[in-house]
Amino acid sequence: MENSLSITVDVEDWYHIPSVCGSTFSVYKDVDEFFENWTERYDYLTEPTKRVLDILDDFNVSATFFVVADTAEHYPGLIESISERSHEIACHGLHHTCKIDPKTKQPMMSSEEFEKRTIEARKTLEKISGQKVTGYRAPNALVGGWMLDSLEKIGFKYDSSVCVNSLYNKTDCSLKGVSTYPYYPLESSLEMGTKREIIEHPWAYYDLAGFRIPTSGGPMLRFLGAHMMLKGLKQSLKRGDTVFYFHPIDVSYEKFPQIGRGRPMYWAIKGNVVEKRFKYILKEITKEDISFSRMSGLSINEEVDCR
Ligand SMILES: [Zn+2]
């Protein structure tokens with residue numbers, strides 16, 4: 001099979017999730033407020049990230065790491081260690097703040113503010129990694145068409161935040177024509193459009209008689225398990241290039257501080273069991289004739305996209 005799978009890793013810590021920081025219902029308004037008030041240990045990210053880097057080395061995979069830029073300040077050497085191991089550094093926001101409201105899907109900041117923050121995040125990531133940063137993933141996958149217009153305007157080449165499925169839609173529009181392979185998004189929308197400077201890499205799903213189960217990883221790897229993920233990845237790879245993602249903190253062996261609504265439930269399954277699932281998926285994919293690709297190396301298959 002000539003299509004390729006991009007292994008993507010979202011580098012964020014336990015307090016970056018919306019119940020703790022950066023949303024309308026979080027304990028702390030933002031990460032700055034968290035650090036002003038938090039007096040206990042905060043770093044649960046460095047150890048599992050190192051383990052993830054070792055696993056990727058074992059399988060000879062070069063991945064794309066979507067990094068929250070403020071980790072540059074609080075985890076000295078972490079981003080450098082990812083970059084040194086030949087992985088791509090991409091942007092996962094300045095502070096992992098939601099850009100659209102999870103309930104109303106309305107923008108939570110202006111385009112100008114989003115562009116200013118994203119330029120700042122990119123500058124930090126480029127300076128520390130020595131790489132050119134061209135990719136973006138919206139924190140919490142809350143993405144709007146206006147955000148892609150902004151990303152294109154400030155020079156990003158791709159985004160990877162769109163998750164088509166039958167359970168939820170975290171975007172600000174319908175996704176009728178969108179599948180699991182890269183496409184050009186329509187201006188001010190996330191539907192399929194015609195050629196432009198920015199590409200969207202949507203996530204994998206498993207189509208079961210028209211019902212689409214999200215199988216791109218993340219929380220679904222924890223809740224649905226490896227077999228369903230693998231089925232969805234293999235099916236999506238028949239359609240074109242696709243995406244798998246997870247977080248280093250998903251494989252953390254430690255118990256996180258229990259603050260914020262819904263947290264114990266959200267982290268009910270993690271650690272060793274998730275690490276085994278991740279390794280299983282890499283092992284099974286390696287057995288197939290499928291290549292792994294960093295996202296910046298991918299382009300649109302015009303034959304597929306311009307039907
Ligand atoms: Zn995230």
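**Close-up views of a predicted model**

What covers the buried residues of helix α6 includes α5 (111–129), β4 (135–136), β5 (158–159) and β6 (199–200). Contact means that two C-beta atoms, placed from the backbone, lie within 7 Å. The model is predicted: local features need pLDDT of at least 70, side-chain atom pairs count only at pLDDT 80 or more, and totals for chains, interfaces and linings use all residues. Residues are numbered from 1 along each chain as its sequence is written.

**View 1. The buried residues of helix α6 (residues 145–153).** They are M147, L148, S150 and L151. Seen down the axis of α6, these residues fall within an arc of 160 degrees, so they line one face of the helix. The arc is that of the directions from the helix axis to the C-beta atoms. Buried means 20 or more other C-beta atoms within 10 Å of the residue's own; exposed means 12 or fewer; partly exposed is in between; C-beta atoms are placed from the backbone. Helices (H or I, at least four residues) and strands (E, at least two) are DSSP runs, numbered from the N terminus.

**View 2. G155, following α6.** The phi of G155 is positive, near 100 degrees.

**View 3. S86 in the loop between α4 (78–84) and β3 (88–91).** S86 is not a glycine, yet its phi is positive, about 70 degrees. S86 counts as exposed because it has 12 C-beta neighbours inside 10 Å.

**View 4. S188 in the loop between β5 and β6.** S188 also is not a glycine, and has a positive phi of about 55 degrees. With 13 other C-beta atoms within 10 Å, S188 is partly exposed.
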